[in-house]
Amino acid sequence: MHDQAGAGAPDNFQRLWTPHRMAYIKGENKPTGTEAGDGCPFDVIPTMSDEDGLIVARGESVYAVLNLYPYNSGHLMVVPYRHVSDYDELSDAEVAELGAFTQKSLRALRKASGAQGFNVGMNLGHVAGAGIAAHLHQHVVPRWGGDTNFMPVVAQTKVLPQLLRDTRQLLADAWG
């Protein structure tokens, strides 16, 4: 056993600190309203450079961006530029491009990271688990055999092996 100053009573647990998650937990920079211009990050991200916004690819009506608080490395979101909250508010063109970008996300993640499976979906509304309910976004989460181990199950912590900027570059290169 070694000194665990500041971590409470000594025990046999190793600590993995993820202080960057506190911003998400506290809801920092979370939109204050439901309208475009109410601080929605999905409205701001497209105004940034690809590198600063973690944008992997841009289309006519949607863009693909890395999740700032990912469930797994390479966790992408496909987001319409237009500020809408529900899938049935999308135009036919937006639905088509959202679908095409979802397919491209799968291909890029397989190419860049060898993903073996995916969780793909939307949480529509706060009660359905949407962190930002006012702006629809589709999650594309890559999965690998054995990627769920004791860390998320016991420690409620996800270990990501790569910096988001590095992951963004790999996926942008694989987007093709």
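At 40% relative accessibility, glutamate 51 counts as partly exposed, a class that lies between buried (under 20% relative accessible area) and exposed (over 50%), computed with a 1.4 Å probe on protein chains only. The model is predicted, with local features requiring pLDDT of at least 70 and side-chain atom pairs counting only at pLDDT 80 or more, while totals for chains, interfaces and linings use all residues. Residues are numbered from 1 along each chain as its sequence is written, and side-chain values use heavy atoms, with hydrogens and water left out.

The side chain of glutamate 51 meets that of arginine 168 in a salt bridge, at 3.5 Å from N to O; the term denotes a side-chain nitrogen of Lys or Arg within 4 Å of a carboxyl oxygen of Asp or Glu. Because arginine 168 lies in helix H6 and glutamate 51 in helix H3, the pair ties together parts that are 117 residues apart in sequence. Helices (H or I, at least four residues) and strands (E, at least two) are DSSP runs, numbered from the N terminus.

Aspartate 50 is partly exposed at 26% relative accessibility, and arginine 58 is partly exposed at 36%.

Helix H6 itself spans residues 164–175, twelve residues in number, and reaches 16 Å from its first C-alpha to its last. This is close to the 16 Å expected at 1.5 Å a residue, the expected span being 1.5 Å times one less than the number of residues. Its buried residues are Thr167, Arg168, Leu171, Ala174 and Trp175. Viewed down the axis of H6, these buried residues fall within an arc of 135°, so they line one face of the helix; the arc is that of the directions from the helix axis to the C-beta atoms. An α-helix has 3.6 residues a turn, so residues three or four places apart point the same way. The buried residues of H6 pack against helix H3 (50–53), strand S1 (55–58), strand S2 (62–66), strand S3 (76–80) and helix H4 (92–113). After H6 comes glycine 176, whose phi is positive, near 25°.

Alanine 174, which has its place in helix H6, counts as buried at 9% relative accessibility. Leaving aside neighbours within four places in sequence, alanine 174 is in contact (heavy atoms within 4.5 Å) with Ala108, Lys111 and Ala112. Alanine 174 and leucine 109 are 65 residues apart in sequence, yet their C-alpha atoms are 7.7 Å apart in space.

Rings of Phe, Tyr and Trp (its six-membered ring) pair if their centres lie within 6.5 Å; planes under 30 degrees apart count as stacked, over 60 as edge-to-face and the rest as tilted. Two such pairs are counted. In one of them, the rings of tyrosine 63 and tyrosine 81 have centres 5.3 Å apart and planes at 35°, so the pair is tilted. Tyrosine 63 is buried, at 0% relative accessibility, whereas tyrosine 81 is partly exposed at 26%. Phenylalanine 101 and tryptophan 175 form a tilted pair, 5.2 Å centre to centre with 55° between the planes. Since phenylalanine 101 lies in helix H4 and tryptophan 175 in helix H6, the pair ties together parts that are 74 residues apart in sequence. Both phenylalanine 101 and tryptophan 175 are buried.

The largest nonpolar core has 30 residues, and those with the most contacts inside it are Phe42 and Val65. Such a core is a set of buried Ala, Val, Leu, Ile, Met, Phe, Trp, Tyr and Cys residues joined through side-chain atoms within 4.5 Å. S1, S2, S3, H4 and H6 each supply at least two residues of this core. Residues up to four places away in sequence not being counted, phenylalanine 42 touches Tyr63, Met77, Val79, Ile132, His135 and His137.
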